[in-house]
Amino acid sequence: MKRVVVGLSGGVDSSVAAYLLQQQGYEVIGLFMKNWHDDSVTISNECPWLEDSNDALLVAEKLGIPFQTVDLSEQYQEKIVDYMFSEYEKGRTPNPDVLCNREIKFDVFMKIALSLGADYVATGHYCRKGEIEVNGEKVYQLLAGVDNNKDQSYFLCQLSQEQLAKALFPIGELTKPEVREIAAEMELVTAEKKDSQGLCFIGKVRLPEFLQQKLQPKEGIIIQIDKNDLVYSDEVQDGLSLEEQLLFASKKRPYTPKMGKIMGKHQGAHYFTVGQRKGLNVGGTTDPLFVIATDVETNTIYTGLSSMHPGLFKKALFIEKSEVHWIREDLALANGETMDVMARIRYRQPLQKAILHQFENGMYISFEEPQSAITEGQFAAWYHNDELIGSGVIS
């Protein structure tokens, strides 16, 4: 009998995952990860992890499976929180959920599970695992969840073949309503529970307050750049190589405060991200203002009117060589090769037609349609049909 450790988060998805594995004849163990100690920055005054671990315990009791809590807050602090602060400090916007899966759930947590004699680790993610043979070798596939509305393959875009080999995703074939139905039939306490929001395992966090613990507020100016500014009229010169054209299409625009008009003040460029419109506190404009760029060196925020402002759009992005990650290592591109893919630059974004271009120093992704708010530090993921084959950090 194969043993599976399920990461029970206290939510409905992982509860049903545990139940389904039990039905499939696995020996199931429930493990709750405590990843967070500091309650001073969570939004609500209830203690989310306490409530969640209690719900996880009740589900384990209902199913009659062994249960324990593991405290991973030290590793979480070091691998996720410290990384987030250093990224924000550089003016980038990290994705903690993708990292939490790569560094915590399918690494630290997986090692604990394997030390308990587990054959697999299971989570309540809406995605599926496939298995194919390539040149006589077993290769694992990460496939989108059947529920288009809830597909979470993106959050697992940094997993490796070794991690996938030991992973199970029991609810990937189901839709959210079906999952809730099973939970209700089984009278699991989590059946009606709302989906969790916010940082994976921290609960809802107020980001500015969270960042203020480490990053000191410092006042700077908000500049508005006109959509007809000359910075947007730069034509691509003739005679550029493909690589030079892609560099041109993906690079930051050279904004300076002189280009626009001062709209107000902010408390720190590192608290803002490209595409953001809330929190600027600038009134009296015809359309909402959007952040089109931040400069942490000069502590300046550049904004533009409306979601169609040209400063929000780019046709290409770059991923440094060390940040290019292939789940399907057998499909990895060699220098000079290209590949047609469907790609997304954030969770829930509909897949976009794109081409990967691998060069010596890294990879460019060029899109058929210009993309809004390509954000440094976030992950771009690329797919063939419903299979996520690789990803990388936008540089």
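Is N299 buried or exposed? N299 counts as buried, at 7% relative accessibility, where buried means under 20% relative accessible area, exposed over 50% and partly exposed in between (1.4 Å probe, protein chains only). The points below take up this residue again, after the overall form of the chain.

1. Basis of the note. The model is a predicted one, in which local features need pLDDT of at least 70 and side-chain atom pairs count only at pLDDT 80 or more, while totals for chains, interfaces and linings use all residues. Residues are numbered from 1 along each chain as its sequence is written, and side-chain values use heavy atoms, with hydrogens and water left out.

2. Overall form. The chain holds eight helices and 18 strands; helices (H or I, at least four residues) and strands (E, at least two) are DSSP runs, numbered from the N terminus. Its radius of gyration is 23 Å, close to the 21 Å that the globule rule gives for 395 residues, so the chain is as compact as a globular protein of that length. That radius is taken over C-alpha atoms, and the rule is 2.2 Å times the number of residues to the power 0.38. The C-alpha trace spans about 65 × 55 × 35 Å along its principal axes.

3. Of the 395 residues, 52% count as buried. Contacts (heavy atoms within 4.5 Å) with a separation of 6 or more come to 70% from residues 24 or more positions apart. The accessible surface of the chain is about 18,600 Å², with 48% of it belonging to carbon and sulfur atoms; such areas come from the Shrake-Rupley method with a 1.4 Å probe, and for residues only the protein chains shown count as cover.

4. Five strands form an open sheet in the order 3-2-1-4-7, with parallel pairing; two strands pair if DSSP finds at least two bridges between them. Strand 3 (67-71) and strand 7 (167-168) stand at the edges with a single partner strand each, so one side of each is left without a neighbour in the sheet. Strand 1 is joined to strand 2 (residues 27-34) by five bridges, and V4 stands opposite V28 in strand 2. Helix 1 (residues 12-23) lies across strand 1, strand 2, strand 4 (120-122) and strand 7, and runs at about 170° to strand 1. For that angle, axes are lines fitted to C-alpha atoms, for helices over the stretch in contact, and angles run from 0 to 180 degrees between N-to-C directions.

5. K2. This residue lies in the segment before strand 1 (3-7) and is partly exposed, with a relative accessible area of 44%. K2 and D119 are 117 residues apart in sequence, yet their C-alpha atoms are 6.1 Å apart in space. Leaving aside residues up to four places away in sequence, K2 touches Y26, E27, D119 and Y120.

6. Strand 8. Four of the five residues of strand 8 (residues 220-224) are buried, so this strand is largely enclosed by the rest of the structure. Strand 8 pairs with strand 9 (residues 261-266) in the antiparallel sense over five bridges, where Q224 stands opposite K261. Four bridges join strand 8 to strand 11 (residues 300-305) in the parallel sense, and there I223 stands opposite Y302.

7. Aromatic pairs. Rings of Phe, Tyr and Trp (its six-membered ring) pair if their centres lie within 6.5 Å; planes under 30 degrees apart count as stacked, over 60 as edge-to-face and the rest as tilted. The count by this rule is nine aromatic pairs. The rings of W326 and W382 have centres 5.5 Å apart and planes at 70°, so this pair is edge-to-face. W326 lies in strand 13 (residues 324-326) and W382 in strand 17 (residues 379-384), so the pair ties together parts that are 56 residues apart in sequence. Both W326 and W382 are buried. Ring pairs also link Y154, F155 and Y347 into a cluster.

8. Positive phi. Most residues other than glycine have a negative phi. N299, in the loop between strand 10 and strand 11, has a positive phi of about 55°. N281, in the loop between strand 9 and strand 10, has a positive phi near 55°. N299 is buried at 7% relative accessibility, whereas N281 is exposed with a relative accessible area of 77%.
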